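The sequence and the coordinates are shown first.

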Amino acid sequence: MGKIEAAVLDAGPLIHLNEAGTLSALGVISKRCVTPEVADETRDPSPLKLVRIIPLDAPRKDYSKLLMERDEIDLGEATSIALCRKERIRLFFTDDLDARDCAKREGLSANGTLAIILRNLREGLMSQEQTMQTLDNLHNLSSLYITSDLISYAKKEITRWSKGKR
């Protein structure tokens with residue numbers, strides 16, 4: 001599989017990984033891009049040191065407005081999808097379900113913070129123990145809305161995957 005070559009990130013994954021103390025998980029993505037609008041939403045400059053901030057041109061800003069109106073998504077999410085198109089990046093990370101649905105309708109692959117964590121495990125950048133701790137931190141320390149059931153399910157799948165890998 002290997003590292004992710006390039007991805008556009010919405011504010012959610014940056015904020016949640018920072019709150020969970022796991023910004024290093026972004027290292028699984030070689031080229032990490034955000035828009036200035038997303039940078040403004042993160043509030044904490046720590047994650048911004050790890051990303052490239054790329055502004056949009058006028059036509060892509062117009063496209064962002066269309067997405068906001070048509071799909072009822074926020075500015076950061078809409079500009080992120082437009083940035084994917086501008087940079088020809090097919091992978092978009094957001095924790096907003098409506099934004100993921102919109103991105104998929106636009107032909108992109110959309111995932112959330114959990115996918116970043118799990119990719120770190122698969123690539124050997126996190127141990128099973130570190131991954132489990134990160135899931136607990138996301139659940140207990142971050143503002144990410146994630147149910148206890150989803151955390152339990154993810155942990156069971158991680159255990160099953162790790163056993164199958166041996």
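Glu-72 is exposed, with a relative accessible area of 67%. The model is a predicted one. In this model Glu-72 sits in the loop between α3 (58-71) and α4 (75-87), and its phi is positive, near 55°, although the residue is not a glycine. Most residues other than glycine have a negative phi.

Arg-43 is a further case: its phi is positive, about 65°, and it is not a glycine either. Arg-43 belongs to the loop between α2 (36-42) and β3 (52-53). With a relative accessible area of 70%, Arg-43 is exposed, because exposed means over 50%. A positive phi, near 55°, is also found at Arg-88, which follows α4.

## The sheet

Five strands make up an open sheet with parallel pairing, in the order β3-β2-β1-β4-β5. The edges are formed by β3 and β5 (109-111), each of which pairs on one side only. Helix α5 (residues 97-105) packs on this sheet and touches β4 and β5. The direction of α5 makes about 165° with that of β5.

Strand β4 (residues 91-93) is joined to β5 by 3 bridges, and the two run parallel. In this pairing Leu-91 stands opposite Ser-109 of β5. Elsewhere in the sheet, β1 and β2 run parallel and are joined by 4 bridges. Ala-7 has Arg-32 in β2 as its bridge partner. Strand β1 is mostly covered, with 5 of its 6 residues buried.

Ala-110 is a residue of strand β5. Its relative accessibility is 5%, so it counts as buried, the limit being under 20%. Leaving aside residues up to four places away in sequence, Ala-110 touches Phe-92, Arg-100, Ala-103 and Lys-104. Between Ala-110 and Asp-95 there are 9.2 Å from C-alpha to C-alpha, at a separation of 15 residues in sequence.

Asp-96 is located in the loop between β4 and α5.

## Helix α4

How far apart should the ends of α4 be, given its 13 residues? At 1.5 Å a residue, the helix should span 18 Å. The end C-alpha atoms of α4 are 18 Å apart, which agrees with that expectation.

The buried residues of α4 include Gly-76, Ala-78, Ile-81, Leu-83 and Cys-84. Glu-77, Thr-79 and Ser-80 are also among the buried residues of this helix. The buried residues of α4 pack against the strands β1 (4-9), β2 (29-34) and β4, and against the helices α2, α3 and α5.

## Helix α2

One of the helices packed against by the buried residues of α4 is α2. Asp-40 is found in α2. At 63% relative accessibility, Asp-40 counts as exposed, since the limit is over 50%. The C-alpha atoms of Asp-40 and Thr-113 are separated by 19 Å, and the two residues are 73 apart along the chain.

## The largest pocket

Rolling a probe the size of a water molecule over the atoms shows where empty space is left. In this model, the largest pocket holds about 320 Å³ of space. Its lining consists of 14 residues. Nearest the centre of the pocket lie Asp-95, Arg-100, Leu-114, Ile-146 and Leu-150.

Which helix gives the largest share of the lining of the largest pocket? That share, 4 residues, comes from α6. Both α6 (113-122) and α8 (148-165) supply at least two residues each to the lining. Arg-100, one of the residues nearest the pocket centre, is also among the residues that Ala-110 touches. Asp-95, likewise listed nearest the centre, is the residue whose C-alpha lies 9.2 Å from that of Ala-110.

Methods:
Residues are numbered from 1 along each chain as its sequence is written. This is a predicted model: local features need pLDDT of at least 70, side-chain atom pairs count only at pLDDT 80 or more; totals for chains, interfaces and linings use all residues. Side-chain values use heavy atoms; hydrogens and water are left out. Buried means under 20% relative accessible area, exposed over 50%, partly exposed in between (1.4 Å probe, protein chains only). Two strands pair if DSSP finds at least two bridges between them. Contact means heavy atoms within 4.5 Å. Axes are lines fitted to C-alpha atoms, for helices over the stretch in contact, and angles run from 0 to 180 degrees between N-to-C directions. The expected span of a helix is 1.5 Å times one less than its number of residues. On a 1 Å grid over the protein atoms alone, a cavity is a set of points where a 1.4 Å probe fits but cannot get out, and a pocket is an open set with protein on both sides within 12 Å along at least five of seven lines; lining residues have an atom within 4 Å of a point. Grid points are joined across faces, edges and corners, and a volume is the space filled by probe spheres set on the points.
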